[in-house]
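Good morning, and thank you for making time for this presentation.

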Amino acid sequence: MKRKYFYRTAVLSLAVLVSAIFGTSSYNANAAPINHSIHVKGTSLLKVNDYDVLYCTPIGPYVNEEKRLMVPLRSVAELLGAKVDYNGKLQEAKIRWSSNEIVFQKGAKTYKLNNTPAQMDTQPEVIQDAFVIPLGVLLRSMNIPFEYRNNKVILKNPSFDQSKIFKEVIEADRGRFILDNPSALDIQNFKLVEEKNSAGETRGSITVSGLNRTGSTIREGKEDLHIICLFNQSLDMDADFASIDIPDRKRPKVNPEGSVSQSLSYLKINDDPLQYILTAGRTIQTKNERK
């Protein structure tokens, strides 16, 4: 189903900080949404091309007890464009990428790569009916390029932009037309809270911080810490272009190694559950630069 796009300015104010606004704790797997509530406070652990992946239903990327990055199987298909088959009866997942095929099974520290058994030091899990796999095993086994920098797994491949989710995001993200530096801000910490009240309204808010790692000052008007909330039928984000009813938000100067935070609040009345939260840490052209 095609998502509806909503552009807005953030409800909460923007602030420039010297250090991160939250702690350095990793994503808490126990903080997965229960019923209609989400309470998550963590750090960004995964970036795919120009967007950090902070949340994907029913649980975002997290580090398990064996210190391995875990991601829901569904996100592998929708974000990376891999072909996925899941057998719920066997609790077994088959993933195809390029000419390779890998098979995971819940609770097993063995997997099959192109029908050849192999060993790993962790195991897939099932959380709220979602099959969750160790991302590193998938990437290394199937020769998907990645790097580990600033405590984050970073994936870069032009083919990812053709995946189900990123095709929709890129189509809707107007800020890409006035892009200056796609990686000026290193996404750091985030806090996500969503509650559904007795009237059936779902209210949520996401606050994200990013660190200026460019080595120089980001001038006023250029910062674009851009939060994108994807729901089942709609997509919500800040507007990067001023219009009659949506003014430009303040974009303050950010000093080298300085931190900036941005918040986005949303209200959902219909049954349109949150699916993903993606964030771009970039700079855009100022009004004068666009003339």
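**Pocket, cavity, strands and rings**

The lining of the largest pocket is made up of 13 nonpolar, 10 polar and eight charged residues. In this classification, Ala, Val, Leu, Ile, Met, Phe, Trp, Tyr, Cys and Pro are nonpolar, Asp, Glu, Lys and Arg are charged, and the others, Gly among them, are polar.

Before I continue, a word on the source. This is a predicted model, in which local features need pLDDT of at least 70 and side-chain atom pairs count only at pLDDT 80 or more, while totals for chains, interfaces and linings use all residues. Residues are numbered from 1 along each chain as its sequence is written, and side-chain values use heavy atoms, with hydrogens and water left out.

Let me return to the pocket. Its volume is about 710 Å³. Of the 31 residues that line the largest pocket, Leu45, Val63, Tyr148, Asn151 and Lys152 are the closest to its centre. Two or more lining residues come from each of helix H2 (135–141), strand E15 (146–149), strand E16 (152–155) and strand E18 (185–196). H2 gives the most, with five residues. Helices (H or I, at least four residues) and strands (E, at least two) are DSSP runs, numbered from the N terminus.

The terms pocket and cavity need their definitions. On a 1 Å grid over the protein atoms alone, a cavity is a set of points where a 1.4 Å probe fits but cannot get out, whereas a pocket is an open set with protein on both sides within 12 Å along at least five of seven lines; lining residues have an atom within 4 Å of a point. Grid points are joined across faces, edges and corners, and a volume is the space filled by probe spheres set on the points.

How many cavities of 30 Å³ or more are there by this rule? The count is one, and the volume of the largest cavity is about 60 Å³. Its lining consists of Leu46, Val48, Val71, Ser75, Val76, Leu79, Leu80, Leu135 and Leu155. Strand E4 (46–48) and helix H1 (73–80) are the elements that give two or more residues to this lining, and H1 gives the most, with four. By class, eight of the lining residues are nonpolar, one is polar and none is charged.

I now turn to the strands. Strand E9 (residues 92–97) has a covered face with Ala93, Ile95 and Trp97, and an uncovered face with Glu92, Lys94 and Arg96. E9 runs antiparallel to strand E8 (residues 83–87), to which five bridges join it; two strands pair if DSSP finds at least two bridges between them. Lys94 is the bridge partner of Asp85. Four residues lie between the strands in the hairpin of E8 and E9, where Gln91 takes a positive phi near 50°.

On to the next pairing of E9: six bridges join E9 to strand E10 (residues 100–105), again antiparallel. Here Glu92 stands opposite Gln105. The hairpin of E9 and E10 has two residues between the strands, and Ser98 takes a positive phi near 60°.

Elsewhere, four strands form an open sheet in the order E6-E7-E14-E13, with antiparallel pairing. Strand E6 (62–63) and strand E13 (125–127) stand at the edges with a single partner strand each, so one side of each has no neighbour in the sheet. Three bridges connect strand E7 (residues 69–72) with E14, and Val71 stands opposite Ile133 in E14. Val71 is also one of the residues lining the largest cavity.

Finally, the aromatic rings. The structure holds five aromatic pairs; rings of Phe, Tyr and Trp (its six-membered ring) pair if their centres lie within 6.5 Å, and planes under 30 degrees apart count as stacked, over 60 as edge-to-face and the rest as tilted. Tyr86 and Phe131 form a tilted pair, 5.2 Å centre to centre with 50° between the planes. This pair links strand E8 with strand E14 (residues 130–134), the two residues being 45 residues apart. Is Phe131 buried or exposed? Phe131 is buried, with a relative accessible area of 3%, whereas Tyr86, at 35%, counts as partly exposed. Buried means under 20% relative accessible area, exposed over 50%, and partly exposed in between (1.4 Å probe, protein chains only).
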